[in-house]
Amino acid sequence: MIDPRRLTVLRALADHGTVRAAAETLYLTPSAVSQQLTALEQEAGQALLIRRGRRVELTAAGELLTEHAKAVLAEVERAEASMAACAAGTVGRVEVASFASAITRVVAPSITALRATAPGVTVLVRDAEAHNSLLMLLAGETDIAISMEYGATVRSDEDRLTRYPLYAEPFDAVLPPRHPLCERESLPVTELGESDWIAPLPGNPCREVAQTCFADAGFAPPITHTSDDFHAVVALVAAGTGMALVPRSAIPAEHGAEVRPLRDRVPTRRVFAAVRRGREEHPLLRRVLDALLTCSEEL
């Protein structure tokens with residue numbers, strides 16, 4: 001196999017014409033250059049040089065290999081430049097796992113901002129509910145997770161993750177059209193117990209937040225329909241099948257239901273970005289995290 005380092009010596013010889021001049025360019029001794037060229041001829045299996053006094057001429061095989069050497073060394077230089085850019089956080093790929101409304105609020109705007117400030121950084125987005133995104137992060141399946149605080153995130157994995165708060169938003173009550181509570185401008189949580197409820201599936205942290213809110217208010221309403229898609233949840237409410245608590249940013253603009261803010265013990269979704277501990281200062285991740293934090297400040 002041809003050693004690429006010896007191709008550097010061959011290219012220098014072709015450029016300068018003598019072993020001494022090539023040696024000066026490469027900061028080697030003439031003897032070291034001669035040894036490298038001899039070894040290269042053995043690797044190539046052909047004579048590469050014709051020695052004429054102090055000067056050296058390339059054989060046909062030597063000229064052919066020199067052209068290849070230029071191409072190979074150019075690729076090496078491009079690889080070095082790419083590695084330097086990656087180390088500086090200006091080029092590379094970062095995967096982000098996030099739930100849908102956070103994609104809309106901070107992830108997509110961050111991608112737009114990065115396109116202007118770091119066009120070499122590619123962000124790949126994977127839609128994942130808040131609890132699943134953390135599992136993906138811990139399993140090494142994504143680089144950054146967008147999740148929310150809930151019981152399980154408070155109790156575990158604190159030593160494995162580093163978190164960056166992004167934003168907080170309240171849950172609103174979503175009511176069927178013409179529901180008696182629609183006459184009120186805002187609602188206390190304690191008045192929401194007399195109804196069927198629509199909620200995310202078990203394990204979804206938004207369901208846990210809602211159930212904790214109900215328990216603190218002293219009741220446990222029946223959950224009759226389940227979906228992790230808040231557009232579907234709101235559609236079911238609009239169809240008159242029950243009520244729901246939905247994070248404000250997850251309520252679609254066109255929904256056909258009635259939305260009322262809560263007062264007293266208002267449940268809140270606290271959203272954060274997370275990376276595996278030890279990777280906080282990785283240049284690429286740091287650049288994407290900074291974009292996420294900047295976009296969250298503008299909310």
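Domain bounds here come from an automatic or database domain assignment. I am working from a predicted model, so I keep that in mind throughout.

**Entry 1: domains**

I started with how the protein chain is divided. The assignment gives domain 1 (4-88), domain 2 (92-167 + 270-297) and domain 3 (169-267). I then looked up the spacing of two of them: the C-alpha centres of domain 1 and domain 3 are 72 Å apart.

**Entry 2: the largest nonpolar core**

Next I went to the inside. The largest nonpolar core has 58 residues, and Ile144, Ile146, Leu192, Leu245, Val246, Val288 and Leu292 are the members that touch the most others. Strand β6 (residues 161-175) gives this core its largest share, seven residues. Where does this core lie? I find it between domain 2 (92-167 + 270-297) and domain 3 (169-267), because both give residues to it.

Leaving out residues up to four places away in sequence, I list its contacts as Pro170, Phe171, Asp172, Val174, Phe230, Val233, Val234 and Ile251.

There is also a second, separate core of 16 residues, and I noted Val9, Val19, Leu37 and Leu49 among them.

**Entry 3: helix α1 and its partners**

The axes of helix α1 (residues 4-16) and helix α4 (residues 60-87) come within 9 Å and cross at roughly 120°. I therefore put the pair down as oblique to each other. The crossing of α1 and α4 is left-handed. On the α1 side I see Pro4, Leu7, Thr8, Leu10, Arg11 and Ala14, which meet Gly62, Leu65, Thr66, Ala69, Lys70, Val72, Leu73 and Glu77 of α4.

Then I turned to α3. Helix α3 (residues 30-44) packs with α1 at about 110°, and their axes are 9 Å apart. That angle makes α1 roughly perpendicular to α3. The crossing of α1 and α3 is left-handed. Here Arg6, Leu7, Val9, Leu10 and Leu13 of α1 meet Val33, Gln36, Leu37, Ala39, Leu40 and Glu43 of α3.

I was pleased to spot Leu7 and Leu10 of α1 in the contacts with α4 and also in those with α3. Val9 and Leu37, which turn up in the contacts between α1 and α3, are also members of the second core.

**Entry 4: helix α6**

Is helix α6 (residues 130-138) largely enclosed or largely open? I call α6 largely enclosed by the rest of the structure, because seven of its nine residues are buried. Those buried residues are Ala130, His131, Ser133, Leu134, Met136, Leu137 and Leu138. Just after α6, I noted that Gly140 takes a positive phi of about 80°.

Technical notes
Residues are numbered from 1 along each chain as its sequence is written. This is a predicted model: local features need pLDDT of at least 70, side-chain atom pairs count only at pLDDT 80 or more; totals for chains, interfaces and linings use all residues. Side-chain values use heavy atoms; hydrogens and water are left out. A nonpolar core is a set of buried Ala, Val, Leu, Ile, Met, Phe, Trp, Tyr and Cys residues joined through side-chain atoms within 4.5 Å. Buried means under 20% relative accessible area, exposed over 50%, partly exposed in between (1.4 Å probe, protein chains only). Helices (H or I, at least four residues) and strands (E, at least two) are DSSP runs, numbered from the N terminus. Contact means heavy atoms within 4.5 Å. Axes are lines fitted to C-alpha atoms, for helices over the stretch in contact, and angles run from 0 to 180 degrees between N-to-C directions. Angles under 35 degrees count as roughly parallel, over 145 as roughly antiparallel, 65 to 115 as roughly perpendicular and the rest as oblique. A crossing is left-handed if the near helix is turned anticlockwise from the far one by less than a right angle, and right-handed if clockwise.
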